[in-house]
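Here are my notes after a pass through the model you sent over. Have the structure open while you read, as the points hop between places.

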There are 2 protein chains.
Amino acid sequence: MAQTKNHLKSIATRTIQEKGVNGLSFRDLAAEANIKSSSVHYYFPQKADLIYEVTKEYTDAFFQALHKIDQLSKHSVERLDALLDLYKKNLPGRFCLCGMLAAESNQLDNKTKDLLSRFFVKTQKWLREVIEDLPSNGATPAGLSSVLLSSLEGALLMDGVKGKEKYLTEVQKFIRGLV
Amino acid sequence: MAQTKNHLKSIATRTIQEKGVNGLSFRDLAAEANIKSSSVHYYFPQKADLIYEVTKEYTDAFFQALHKIDQLSKHSVERLDALLDLYKKNLPGRFCLCGMLAAESNQLDNKTKDLLSRFFVKTQKWLREVIEDLPSNGATPAGLSSVLLSSLEGALLMDGVKGKEKYLTEVQKFIRGLV
DNA sequence: TCTTGATTATCTATCAGAAGATAGATAAAA
DNA sequence: TTTTATCTATCTTCTGATAGATAATCAAGA
């Protein structure tokens, strides 16, 4: 069933967010899904296939979430707030999947690295368009969106150490100060 | 000799920056230093000891570099520029050691996590003091330094995927725009 | 409807290699 | 003669991966 495959992807996503690609093993994954590790290979012949599919699903879901924000919130400030909530959902204990993969990108195949690049490019583009609706405040939308995306990924990374929302909260305050 | 131990720490530091803690093995480390893996255990009984000592050395060296910046540059803008250069030195191919460890912090012992926390706290404090010397620009020094530290870590993380300095450069432009 | 054959989803069993770690020998240096 | 720095040899556990058996489901043709 597609149910088992989805279950595996869901466990794998969380495990990678918590422990990284090298912290995910077929055995532990299988045990958590109550099947044998050989059965995991039935759905994902190689580990790289699993990583790729997990990344595809995560990024697609993230883009859909951005789209939903666009529909539900019409004002830039609300949209930025909603994005912050999206990031905060990972804490405590998890990092952005794409941030984690970026840290380990030396060990990824090119297909997956392309998904990663696209994730950052698209998310930055979304941010830029939101910022373009704000009253001008010195920095260009292109530049500011890059800095904001960087700070979101970095804040989530550092907040993971203590499980708090310290840095993310500062980023949020900063964003609110832009208006 | 202390030479061998330092050599091991140097190789381990670079390897963790490139591949993470789980991407570092005693065997590969030993091979690169032309000794046997059992000899690595002579210097570092457990892998956790190696990680701890490497982190200690890295953070100490980083704080010394900040101190040197304080001595060589007297103006805030120069100091921030020098910090940016410190971060850029990692590219292409490497991430900030503490950023990498933060991503994998679920698998670290408390001693090493404490070093990590101190690294971020101290670096943020340094940034805050530099920013306090700048003309006020809306945000508080405490808040802005948090955001800048986040964006530096995040920018280095994302730039690692393509090996370019795209995001770090945008952070640098943003910093220059603060004055 | 019954039979047959393919497809799907799992299992058992096993492999080769890598991992961290330890015991104990050895040789040089202090 | 004790300490320092290395080695050989080995252990256990974990890793990704493969081969082949086994049911169960399902579709098609007689």
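This is a predicted model: local features need pLDDT of at least 70, side-chain atom pairs count only at pLDDT 80 or more; totals for chains, interfaces and linings use all residues.

The points below go from the pairing of the chains to single residues.

1. **What the interface is made of.** Size of an interface is often quoted as the accessible area lost when the parts come together. Here, about 3,200 Å² is buried between chain A and chain B, and carbon and sulfur atoms give 67% of that. How many salt bridges run between chain A and chain B? The count is zero. Polar contacts do turn up between chain A and chain B: six residue pairs, both partners at pLDDT 80 or more.

2. **The nonpolar core.** The largest nonpolar core holds 121 residues. Ile16, Leu83 and Phe120, each from chain A and from chain B, are the residues with the most contacts inside it.

3. Searching the whole structure gives 24 salt bridges over all chains. In one of them, Arg14(B) and Glu32(B) meet at 2.3 Å, N to O. Arg14(B) sits in helix α1 and Glu32(B) in helix α2 of chain B, so this pair links distant parts of the chain, 18 residues apart. Both ends are partly exposed: Arg14(B) has 29% relative accessibility and Glu32(B) has 41%.

4. **The Lys9 and Glu53 pair.** Lys9(B) forms a salt bridge with Glu53(B), with the closest N and O atoms 4.0 Å apart. Lys9(B) belongs to helix α1 and Glu53(B) to helix α4 of chain B, so the bridge ties together parts 44 residues apart in sequence. Is Lys9(B) buried or partly exposed? Lys9(B) counts as buried at 10% relative accessibility, whereas Glu53(B), at 23%, counts as partly exposed. Over in chain A, Lys5(A), Lys9(A), Glu53(A) and Glu57(A) are linked in a network of salt bridges.

5. **A salt bridge inside one helix.** Glu129(A) and Lys125(A) form a salt bridge, again with the closest N and O atoms 4.0 Å apart. The two are four residues apart in helix α7 of chain A, which means about one helical turn separates them. Glu129(A) is partly exposed at 38% relative accessible area, and Lys125(A) is partly exposed at 44%.

6. Thr112(A) lies in helix α7 of chain A and is buried, at 1% relative accessibility. Apart from neighbours within four places in sequence, Thr112(A) is in contact with Ile51(A), Tyr52(A) and Thr55(A). In chain B, Asp49(B) is in helix α4 and is partly exposed, with a relative accessible area of 29%. Asp49(B) and Lys111(B) are 62 residues apart in sequence, yet their C-alpha atoms are 9.9 Å apart in space.

7. Most residues other than glycine have a negative phi, and most peptide bonds are trans. The bond from Leu91(A) to Pro92(A) is cis, with omega near -5°, and Pro92(A) is in the loop between α5 and α6 of chain A. The bond from Leu91(B) to Pro92(B) is also cis, with omega near -5°. Then there is Asn34(A), with a positive phi near 60°, in the loop between α2 and α3 of chain A. Asn34(A) is exposed at 70% relative accessible area. In chain B, Asn34(B) has a positive phi of about 60° and counts as exposed at 69%.

Definitions and conventions: Residues are numbered from 1 along each chain as its sequence is written. Chains are lettered from A and ligands numbered from 1 in the order in which they are written. Side-chain values use heavy atoms; hydrogens and water are left out. A nonpolar core is a set of buried Ala, Val, Leu, Ile, Met, Phe, Trp, Tyr and Cys residues joined through side-chain atoms within 4.5 Å. Buried means under 20% relative accessible area, exposed over 50%, partly exposed in between (1.4 Å probe, protein chains only). A salt bridge is a side-chain nitrogen of Lys or Arg within 4 Å of a carboxyl oxygen of Asp or Glu. Buried area is the accessible area (1.4 Å probe) that two parts lose on being put together, summed over both. A polar contact is a pair of N or O atoms within 3.5 Å; within protein, one must be able to donate a hydrogen and the other to accept it, and residues adjacent in sequence count only if both atoms are side-chain atoms. Contact means heavy atoms within 4.5 Å.
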